[in-house]
2 protein chains.
Amino acid sequence: MAKTAALPADKRVTVDEIADYLYREITSLRLLPGTRISETDIAMRFGVSRQPVRDAFRRLETMDLILVRAKKATEVRKFSIRAIEKSRFVRAAVEAAALRQAAAMCDAAGGFQLDACIALQRKALAEKDFAGFAGLDYDFHKTICEIGKVPYAFDVIRSEKEKVDRLCILGLSKEDRMPQLVADHEAIATAVKAGDAERAVTAGMAHLGRLDDTIAAILVQSAAFFEDLDPPS
Amino acid sequence: MAKTAALPADKRVTVDEIADYLYREITSLRLLPGTRISETDIAMRFGVSRQPVRDAFRRLETMDLILVRAKKATEVRKFSIRAIEKSRFVRAAVEAAALRQAAAMCDAAGGFQLDACIALQRKALAEKDFAGFAGLDYDFHKTICEIGKVPYAFDVIRSEKEKVDRLCILGLSKEDRMPQLVADHEAIATAVKAGDAERAVTAGMAHLGRLDDTIAAILVQSAAFFEDLDPPS
DNA sequence: TCGTCAAGACTTGTATCCTAGTTTTTATCC
DNA sequence: GGATAAAAACTAGGATACAAGTCTTGACGA
């Protein structure tokens, strides 16, 4: 009866390759907002026809990463202030809920996991491993969600975080902010381990708040990358 | 100079028509989970080629509404328990945050808006206008977000609500639940108007909780529509 | 009657052509 | 030289043809 081969994660096709490639290029800011990209151009570069590129464009369009207009050049979407506010709000709401859950449910094993996260972060800080720290940052927030038994919360946090991280590449290097971020994480971990939900949420919100200044600075510095910012007339 | 024509809402093309049509069909459950849909079939029905249908499929695929597998029939995605849990969690988190904002910022004008919402709901209840009530339900939650000056929060609430509403069509009619829902809304509105954030959140969470029983009932009744529910062997 | 297997009718993936609109370039006129 | 208009190059939308799998169905044999 063949059993449909136990759903082996559908064969990867060209469209996946291209969509993933463009996703990485855009979210890593190697493709700047406003950059024009052409189906034909990408197709030639990959040595395929326009068709799979079109499909990839449609996917990215749904993710609001590119702007496709009939008969006009497709371009990488600019940042939207409203989208950033929304992202920040959602992330704050979800992160607060996850922290409350984590504080309520954290046991010895969870505390150990958090300690391990913090230790790795301290190590990265000491070694000035800025690139590695980004991954550890994700791991920390993921661990919080896992301790709170709300793994899906991390899906949301990551997806919102990616949107803002793209922005922050424009700002100052992480070098200056890293010590503060590690200290924040320590405060959060301590509160969670103590089961003090309110303190954990307060610390978490303070942590998120660090982004606000960074974003405000980028907004004036890179106004050309924002779409809902009227040029001064 | 030219000012890029003030982004005049791009021309609507065939792909939008088809994607919207399929979106409505799926979210309204006229197309049941597991139903197979074919590019060719839809194309013939719309009198167009496969191309725009294909583009629409890609859009819906990104929204997780359909499952496209190479060389195999495309089908309407089944419900996922994990997706429902995620949706419920996100909505609870965002709704709680919006209620806190609303309670903190509600003024006389906001109170008046809430009263107007409630009055319309009472009217719909008295007239047994179940269809109309659905719209009023959305309006109420939208008003909360507007009072809290977090309009983007409603984008999230609506999108999560749509996912679950699709499910609830499978359950009992709204007829039985309507009085309870209106009472919930009244409790929420009263707390918001009084500026009592914690009471508003408590009432809001109780309101959301009504869904849990409904969903649990649907889960056993319509197990065939769920994808991550192993059939009893 | 049941199992096996092969043919054919599906499915989506990819390539290519044409069309209609936009943008840029170039030529022309003042 | 600068403004204007024609023309060429470029854009994505749509239609069609073919390729490469998958599924169904029915014939055939045990």
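# A tour from the cysteines to the DNA

Start by selecting Cys168(A): it is buried, at a relative accessible area of 8%. Buried here means under 20% relative accessible area, exposed means over 50% and partly exposed is in between, with a 1.4 Å probe and the protein chains only.

Before moving on, some housekeeping. This is a predicted model, in which local features need pLDDT of at least 70 and side-chain atom pairs count only at pLDDT 80 or more, while totals for chains, interfaces and linings use all residues; side-chain values use heavy atoms, with hydrogens and water left out. Residues are numbered from 1 along each chain as its sequence is written, and chains are lettered from A and ligands numbered from 1 in the order in which they are written.

**Stop 1: the cysteines**

Stay on Cys168(A) and look for its closest cysteine sulfur: that is in Cys145(A), 19 Å away and too far for a bond. Now pick Cys106(A), also buried, with 18% relative accessibility. Its closest cysteine sulfur belongs to Cys117(A), at 11 Å, again too far for a bond. A search of the whole structure turns up zero disulfides over all chains. The cut-off for a disulfide is a pair of cysteine sulfur atoms within 2.5 Å.

**Stop 2: chain A as a whole**

Zoom out and colour chain A by secondary structure. The C-alpha trace of chain A spans about 70 × 60 × 35 Å along its principal axes. Of its 233 residues, 44% are buried.

**Stop 3: the sheets**

Select the strands of chain A next. The three form an open, antiparallel sheet in the order β1-β3-β2. At the edges stand β1 (36–37) and β2 (66–67) of chain A, each with a single partner strand, so one side of each has no neighbour in the sheet. Two strands pair if DSSP finds at least two bridges between them; β1(A) and β3 of chain A (residues 74–76) are joined by two. Click Ile37(A) and you'll see Thr74(A) opposite, in β3(A).

Hop over to chain B for its open sheet of three strands, ordered β1-β3-β2 with antiparallel pairing. There the bridge partner of Ile37(B) is Thr74(B), in β3(B).

**Stop 4: the axis**

Chain B can be laid on chain A with an RMSD of 0.1 Å, by a turn of 180 degrees and a shift of 0.1 Å along the axis. The two copies are thus related as by a two-fold rotation axis. The superposition is by least squares on the C-alpha atoms of residues with pLDDT of at least 70 in both copies. To find the axis, select Ala93(B): of the residues of chain B its C-alpha comes closest, at 2.6 Å.

**Stop 5: DNA strand C**

Now show the residues near DNA strand C, where near means that a residue has a heavy atom within 4 Å of the strand. There are 24, and the closest are Thr14(A), Ser49(A), Arg50(B), Arg54(B) and Lys72(B).

A polar backbone atom of Ile37(B) sits 3.4 Å from a phosphate oxygen of DNA strand C. For Glu39(B), a backbone N or O atom lies 3.3 Å from a phosphate oxygen of DNA strand C. Arg58(B) uses an N or O atom of its side chain, 3.4 Å from a phosphate oxygen of DNA strand C.

**Stop 6: DNA strand D**

Switch to DNA strand D, which has 23 residues around it; Arg54(A), Lys72(A), Thr74(A), Thr14(B) and Ser49(B) come nearest. Check the bases: a side-chain N or O atom of Arg50(A) is 3.1 Å from a base oxygen of DNA strand D. Arg54(A) has a polar side-chain atom 2.7 Å from a base nitrogen of DNA strand D. Finish on Thr14(B), with a side-chain N or O atom 2.5 Å from a phosphate oxygen of DNA strand D.

Notes
Helices (H or I, at least four residues) and strands (E, at least two) are DSSP runs, numbered from the N terminus. A polar contact is a pair of N or O atoms within 3.5 Å; within protein, one must be able to donate a hydrogen and the other to accept it, and residues adjacent in sequence count only if both atoms are side-chain atoms.
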